[in-house]
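I opened a new page for this protein.

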Amino acid sequence: MDAHQEPDMRVPLRHYLATTTAGTFFLILLGVYTGKIGAGLSCEARWPLCDGWMGLFPANWPSFVEWFHRLVAFVVGFLILGAAIMAWRRNRSKSLRYTTLLAVLLLPVQIFFGANTVLNFGVTASMMHQFAAQAIFGSLVIATTIAYVKHGASSGQSPSGPNVQHADD
């Protein structure tokens with residue numbers, strides 16, 4: 001490295017995508033727990049507010065879980081948006097860009113379905129919310145896989161790892 005050249009301090013896209021995918025998986029697990037305890041019912045169909053002081057602060061455990069789920073969803077949503085921006089700015093792979101774009105385009109759908117689970121609590125609302133979550137998660141898994149495979153290919157490693165012998169080696 002040249003003495004005058006600054007080191008590249010950017011987070012590699014593949015690591016950012018892996019973190020975003022893991023965060024999305026955690027959010028799905030938290031959402032399953034939120035639905036299991038019926039935390040959305042604590043909001044009494046007053047989305048985006050809930051119970052507690054001025055409808056903004058949790059009054060009991062279910063409303064705390066509902067608010068915590070919303071907080072994590074907020075953070076993960078911005079991670080997903082950041083992943084798409086990074087993919088479009090840093091990567092030439094159309095498949096990587098479009099899979100992250102799909103995740104971003106599904107976010108408003110997911111928010112709508114999330115509100116619907118509070119306003120119209122029931123099996124159909126929960127299933128649609130979970131379906132959108134799985135679609136977002138699936139697109140992020142694909143994007144993360146693409147990023148790692150492309151990195152391995154550009155660094156001279158085979159997709160199966162550096163120490164695997166292939167017939168054509």
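**Entry 1: helix α1**

I began with α1, which has 24 residues and reaches 34 Å from its first C-alpha to its last. That is close to the 34 Å expected at 1.5 Å a residue. The expected span is 1.5 Å times one less than the number of residues. Helices here are DSSP runs (H or I, at least four residues), and strands are runs of E (at least two), numbered from the N terminus.

I noted where the numbers come from. This is a predicted model, in which local features need pLDDT of at least 70 and side-chain atom pairs count only at pLDDT 80 or more, while totals for chains, interfaces and linings use all residues. Residues are numbered from 1 along each chain as its sequence is written, and side-chain values use heavy atoms, with hydrogens and water left out.

Next I looked up which residues of α1 are buried. Among them are L13, L17, T20, T21, T24 and L27. Buried means under 20% relative accessible area, exposed means over 50%, and partly exposed is in between (1.4 Å probe, protein chains only). Just after α1, I found G38 with a positive phi of about 70°.

**Entry 2: the whole protein**

I counted four helices and zero strands. Read along the sequence, the pattern is α-α-α-α. Of the 169 residues, 38% count as buried.

I then checked contacts (heavy atoms within 4.5 Å). Among those between residues at least 6 apart in sequence, 64% join residues at least 24 apart.

**Entry 3: helix α3**

A kink of about 30° lies at L107, shortly before the proline P108. The bend is the angle between axes fitted to the seven residues ending at a position and the seven starting there.

**Entry 4: the core**

Which residues have the most contacts inside the largest nonpolar core? I found L13, L17, I80, L96, I136 and L140, in a core of 22 residues. α1, α2 (61–90), α3 and α4 (123–154) each supply at least two of its residues. α2 gives the most, with seven. A nonpolar core is a set of buried Ala, Val, Leu, Ile, Met, Phe, Trp, Tyr and Cys residues joined through side-chain atoms within 4.5 Å. In soluble globular proteins, nonpolar side chains tend to be buried together.

I picked out L96, in helix α3. L96 counts as buried because its relative accessibility is 0%. Leaving out residues up to four places away in sequence, L96 touches L13, L17, A87, N91, A143, I146 and A147.

L140 came next. With the sequence neighbours up to four places away left out, L140 touches L17, T20, T21, T24, I80 and A103.

Is T20 buried or exposed? T20 is buried, because its relative accessible area is 1%. T20 sits in helix α1. Beyond its neighbours within four places in sequence, T20 is in contact with L79, I80, A83 and L140.

**Entry 5: the rings**

I looked for aromatic pairs. Rings of Phe, Tyr and Trp (its six-membered ring) pair if their centres lie within 6.5 Å; planes under 30 degrees apart are stacked, over 60 edge-to-face, and the rest tilted. The count comes to six aromatic pairs. The rings of F25 and F137 have centres 5.7 Å apart and planes at 35°, so this pair is tilted. F25 is in helix α1 and F137 in helix α4, 112 residues apart. F25 is partly exposed at 41%, whereas F137 is buried at 18%.

F112 and F113 form another tilted pair, 5.7 Å centre to centre with 55° between the planes. F112 is exposed at 56%, but F113 is buried at 15%. I also found W61, F64 and F68 in one aromatic cluster.

**Entry 6: charges over rings**

Last, I checked for charges over rings (NZ of Lys or CZ of Arg within 6 Å of the ring centre and within 35 degrees of the ring normal). The charged end of R70 sits over the ring of W67, 4.8 Å from its centre. R97 lies over the face of W88, at 4.8 Å from the ring centre.
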